[in-house]
Amino acid sequence: MLPPRHVRRVTGPLLVGALVAAVVLLPALVVVAVVASVFLPGRLRALRLLALALVYLALEVAGLAVAAVLWVLSGFGRRLATPASRAAHYTVLRLLLDTLMRVAQRLFALRLVTDGASWSPLDDGTPGSTNAMVVLSRHAGPGDSFLLVHTLMNRDHLRQPRIVLKDVLQLDPLIDVYLNRLPNHFVPAGPSAGNGSEAAIADLARDLGEEDALLIFPEGANFTPRRRTRAIQRLRDRGLLTAVRRAEAMRHLLPPRPGGVVAALRAAPHADVVLVAHTGLEHLSTVRDLWRSLPMDKTLHLRWWFIPAAEVPRDETQLTDWLYRWWETIDAWITTTAAAQRAQDVRGTGVPDVSDPTSAPSSEQP
């Protein structure tokens with residue numbers, strides 16, 4: 001169970017103490033990390049992870065300090081909901097996230113490739129929609145999620161994201177403070193959360209403006225084989241045999257849960273829809289995964305599909321089928337992209353490529 005807010009706020013001073021201790025002990029920490037890296041596979045594995053942890057800790061402390069200043073400037077919290085205050089909070093988040101992503105890309109030699117279109121109706125890679133947007137993305141770990149939010153907020157798009165995310169993420173002090181001051185929805189754990197969350201998502205979507213983007217992860221959790229089995233069993237228990245067959249055919253995704261998507265699109269019929277696929281960091285769900293995967297030297301792929309509001313179905317049955325068809329398209333794109341990347345990695349090592357050839361997916365709507 002999530003601790004109450006006044007208990008979670010204790011973590012702020014603890015982070016400051018941890019940062020001071022890290023700075024004081026930095027020479028010793030660097031020596032330990034360098035020595036440990038000698039005995040670990042890869043290039044300076046422990047030192048890279050230490051650098052990322054220190055940067056993340058520093059950004060947390062800096063972000064919380066700025067949040068305290070913004071709270072005072074807002075009349076000690078009385079004007080936090082004003083457009084000016086929200087814009088200031090989004091600006092700080094964008095700068096912090098931009099710094100984190102730049103450091104991560106430099107430390108881990110990450111390369112980002114946007115395949116096909118951006119969210120443009122012209123399919124030419126331009127920034128695209130100037131309308132309100134509902135963004136539907138696969139759920140593939142915190143790394144890909146950070147990357148997606150960063151893309152929405154960067155200088156090319158400057159969107160103000162409204163995010164539907166798990167309530168356990170409020171254990172992160174920076175997420176807890178900033179996202180609770182902004183229009184977002186934390187989904188509580190447990191099966192009883194469904195109806196309340198759908199109403200909250202509808203509230204978030206109803207007043208979406210042209211600078212906003214509502215971000216929903218319809219799967220509700222990161223993909224694992226065990227979660228896939230449980231999700232398919234839930235569909236089978238409800239007698240949804242067609243959905244069971246379609247879910248079993250998807251190799252990389254959990255079956256989408258249409259409730260929140262239906263609520264959002266019915267509440268915001270004026271919003272365009274952007275479907276997002278990404279692959280490259282889905283295996284990073286825990287600190288242990290991050291440790292085992294360093295150094296990364298990865299190419300991260302993103303793919304966007306733009307659907308104008310007029311082309312989005314509104315009937316619940318049609319919308320559920322539409323969502324499943326898009327999830328099947330995303331699953332096929334992941335299969336093709338991952339296979340192509342493996343073939344490229346094999347060619348880069350000089351090992352003969354014996355993988356089966358695959359064709360590129362169509363960019364047309366399913």
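Which residue caps the N-terminal end of helix 7? In this predicted model, where local features need pLDDT of at least 70, side-chain atom pairs count only at pLDDT 80 or more, and totals for chains, interfaces and linings use all residues, the cap is Asp172, with a side-chain oxygen 3.0 Å from the backbone nitrogen of Leu174. Residues are numbered from 1 along each chain as its sequence is written, and side-chain values use heavy atoms, with hydrogens and water left out.

The protein chain contains 13 helices and seven strands, taken as DSSP runs numbered from the N terminus (helices: H or I, at least four residues; strands: E, at least two). Of its 366 residues, 47% count as buried, where buried means under 20% relative accessible area, exposed over 50% and partly exposed in between (1.4 Å probe, protein chains only). Among contacts (heavy atoms within 4.5 Å) in the protein chain with a separation of 6 or more, 75% join residues 24 or more positions apart.

Helix 7 (residues 173-181) is largely enclosed by the rest of the structure, because eight of its nine residues are buried. These are Pro173, Leu174, Ile175, Asp176, Val177, Tyr178, Leu179 and Arg181. They pack against helix 1 (5-8), helix 2, helix 4, helix 5 (83-108), strand 3 (160-166) and strand 4 (185-187).

Two of these partners, helix 2 and helix 4, also pack against each other. Two packed helices are described by the angle between their axes and the distance between the axes. For helix 2 (residues 11-24) and helix 4 (residues 45-73), the angle is about 135° and the axes are 10 Å apart. Axes are lines fitted to C-alpha atoms, for helices over the stretch in contact, and angles run from 0 to 180 degrees between N-to-C directions. The two helices are therefore oblique to each other, the class left after under 35 degrees (roughly parallel), over 145 (roughly antiparallel) and 65 to 115 (roughly perpendicular). On the helix 2 side, Gly12, Leu15, Val16, Ala18, Leu19 and Ala22 meet Leu54, Leu57, Ala58, Glu60, Val61 and Leu64 of helix 4.

Positive phi values occur in two loop residues other than glycine, Phe76 and Ala109. Phe76, in the loop between helix 4 and helix 5, has phi near 55°. Ala109 lies in the loop between helix 5 and strand 1 (111-115), and its phi is likewise near 55°. The relative accessible area of Ala109 is 26%, so this residue is partly exposed.

Terms used. Polar contact = N/O pair within 3.5 Å; in protein donor to acceptor, adjacent residues only side chain to side chain.
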